[in-house]
Amino acid sequence: MSTASTRLPEGRYGRSSDERADHKLKIAGTVLGALLLALVGYFAYHYVGQSKISGEVIAFDATDSAVEVHLEVRKDSGTSGYCTVRSQAANGSEVGRADFRFGGDATRIDKVVTLRTTARGTTAELLGCHTD
């Protein structure tokens with residue numbers, strides 16, 4: 001018997017085990033890729049779609065017992081919410097924190113708010129804005 005006569009004809013008896021394994025890996029990769037894409041889309045929607053109010057500190061002026069903070073807030077019309085501002089002393093300890101509420105139909109609000117402090121504050125930091 002020669003080696004040519006002992007080999008099976010190619011494609012006659014179905015797929016080889018390597019081809020079956022490759023096919024299963026392709027299916028598993030496609031399913032995992034689709035799940036990853038759905039997960040990224042879900043988090044992107046909640047990160048971008050849920051932020052209906054945002055703000056930034058334009059300027060601040062500190063005194064011994066308060067910090068005057070100029071806030072610019074952007075929000076959807078009719079949305080109400082609040083922004084949290086804090087101040088720290090020169091040594092890094094927190095000397096004041098407060099929430100300031102914003103509502104109404106305006107979509108852009110420029111407002112100077114007063115943050116009372118327990119000692120002289122050297123910073124005014126916007127921690128974040130949230131809807132009610």
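Biologist: In which sense do β3 and β4 pair, and over how many bridges?

Modeller: Antiparallel, over eight bridges. Keep in mind that this is a predicted model.

Biologist: How do I read side chains along a strand?

Modeller: Start with the general idea. In a regular strand, side chains alternate between the two faces of the sheet. Now take one residue from each strand here. Ser-87 lies in β3, and Arg-101 lies in β4.

Biologist: Is Ser-87 buried or exposed?

Modeller: Buried means under 20% relative accessibility. Ser-87 has 0%, so it counts as buried.

Biologist: Which residues does Ser-87 contact, leaving aside neighbours within four places in sequence?

Modeller: Several stretches of the chain supply them. Among them are Val-67, Leu-115 and Thr-117. Ser-93, Glu-94, Val-95 and Gly-96 are also in contact with Ser-87.

Biologist: Which residue stands opposite Arg-101 in the strand pairing?

Modeller: Tyr-82 does. Arg-101 also touches Tyr-82, along with Gly-81 and Asp-132; residues up to four places away in sequence are not counted.

Biologist: What does the side chain of Arg-101 do with Asp-132?

Modeller: The two side chains make a polar contact, at 2.9 Å.

Biologist: How far apart are Arg-101 and Cys-83, in sequence and in space?

Modeller: They are 18 residues apart in sequence. From C-alpha to C-alpha, the distance is 6.6 Å.

Biologist: Now step back. What secondary structure does the protein have?

Modeller: Two helices and six strands. From the N terminus on, the order is α-α-β-β-β-β-β-β.

Biologist: How do I read contacts across the whole chain?

Modeller: Look at how far apart the partners lie in sequence. Take contacts between residues at least 6 apart. Here, 61% of them join residues at least 24 apart.

Biologist: What share of the residues is buried?

Modeller: Buried residues make up 23% of the 132 in the protein. Ser-87 is one of the buried residues.

Biologist: And the accessible surface, how much is there?

Modeller: About 9,400 Å². Carbon and sulfur atoms account for 55% of that area.

Conventions:
Residues numbered from 1 in each chain as written. Predicted model: local features only at pLDDT ≥ 70, side-chain atom pairs only at ≥ 80, totals over all residues. Heavy atoms only, no water. Helix = DSSP H or I, 4+ residues; strand = E, 2+ residues; numbered from the N terminus. Contact = heavy atoms within 4.5 Å. Polar contact = N/O pair within 3.5 Å; in protein donor to acceptor, adjacent residues only side chain to side chain. Buried < 20%, exposed > 50% of the residue type's maximum accessible area, 1.4 Å probe, protein only. Areas by Shrake-Rupley, 256 points an atom, 1.4 Å probe, with all protein chains shown as cover. Pairing = 2+ DSSP bridges.
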